[in-house]
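Notebook open, structure loaded. I wanted to look up the annotated spans and the charged pairs.

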Amino acid sequence: MRETYIDIDSEVEMTAAMTERVRARHKRRLPHTSEDVMAFEPDVDFSTAGGHFPRVFLRQDDNDGDSSDGYGDEDLQHLLPDPNVDPNANWFKRTHATLKGDISSILLLLFLYLLQGVPLGLIGAIPLLLSSKHASYSSQAIFSFAYWPFSLKLLWAPIVDSVYSKRLGRRKSWMVPCQYLIGAFMLYLSFKVNDIMGENGGSPNVVFLMLIFLPLNFLAATQDIAVDGWALTMLSKKNVGYASTCNAVGQTAGYFLGNVVFLALESAPFCNEFLRSKDNQQDTGMVDLAGLTDPLGPNKTD
């Protein structure tokens, strides 16, 4: 039998040397993408982390921002803890100091996303109103086509990003017309919705109702594309992550107003139980669909 002897000490030394070379090569480079950041072992300096965990590792052997990859301190400055924020302050003060200069932009984004959420909530409330009118499931399935624009908006998103008027700007070229057209559709719907929903003794015209809400949802989806792109340039680099928060909060609040609040005010039992006195009980709610879409304000029935 032939025996083979392996020098274990030399193998260990070779492995250690290779490990050191890999680590040294990593230390000479700055990460380009999130995958690179995850691939490196960070040298975290917790003493300067502040109130939040650092979002990028702090190199101890930094060579004054010089990098062979072309990345300097200014490229990663927005990822480092803000030196102007007191790490010992409470959460509210730290958040207010971090958002300084972007508060007005965040409020504007919340308002724009709120406007987008109201038509979505209204579209979500229509099937419940159709059910109260004893509409068939097949008719309600036809109305579900009105939801499609938000699922297919990626098809015309490149057009929204590339075609614009230099006089109005890249984002306002789409946002302003969308808002005017949404208002026009709401105004038209306020005059026709009673006939469409069969309030005058007929059955609901679901196909025509879908043809009204389909372009309405298309306009809301187009505005969502423009606002999402505007949010990336409106906010500073350190606060750009709050754009998704404004999207979630604003659209959820708008959906709540157009769906839950509207259905509650449209319900006669809810209004009689919680909003009306015992001497003022009525068979209808305080707001109907025509009143909600009327730009002059809801039509009150009491």
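This is a predicted model: local features need pLDDT of at least 70, side-chain atom pairs count only at pLDDT 80 or more; totals for chains, interfaces and linings use all residues.

**Spans and salt bridges**

I started with residues 206–227: the span is 100% helix and 0% strand, and its end C-alpha atoms sit 31 Å apart. Helices here are DSSP runs of H or I with at least four residues, strands are E runs of at least two, and both are numbered from the N terminus.

Residues are numbered from 1 along each chain as its sequence is written, and side-chain values use heavy atoms, with hydrogens and water left out.

I checked the record next. An unreviewed UniProt entry lists "transmembrane region" for residues 106–130, 142–161, 173–191 and 206–227; positions are in the numbering used here, feature names are shortened, and annotations may be inferred rather than shown by experiment.

For residues 142–161 I got 60% helix and 0% strand, with 31 Å between the end C-alpha atoms.

Then I searched the whole structure for salt bridges (a side-chain nitrogen of Lys or Arg within 4 Å of a carboxyl oxygen of Asp or Glu) and found 2.

Which residue pairs with Asp224? Lys153 does, with the closest N and O atoms 2.3 Å apart. Asp224 lies in helix α10 (residues 206–234) and Lys153 in the loop between α7 (148–152) and α8 (157–162), so the pair ties together parts 71 residues apart in sequence.

I logged Arg171 with Asp161 too, closest N and O atoms 2.9 Å apart.
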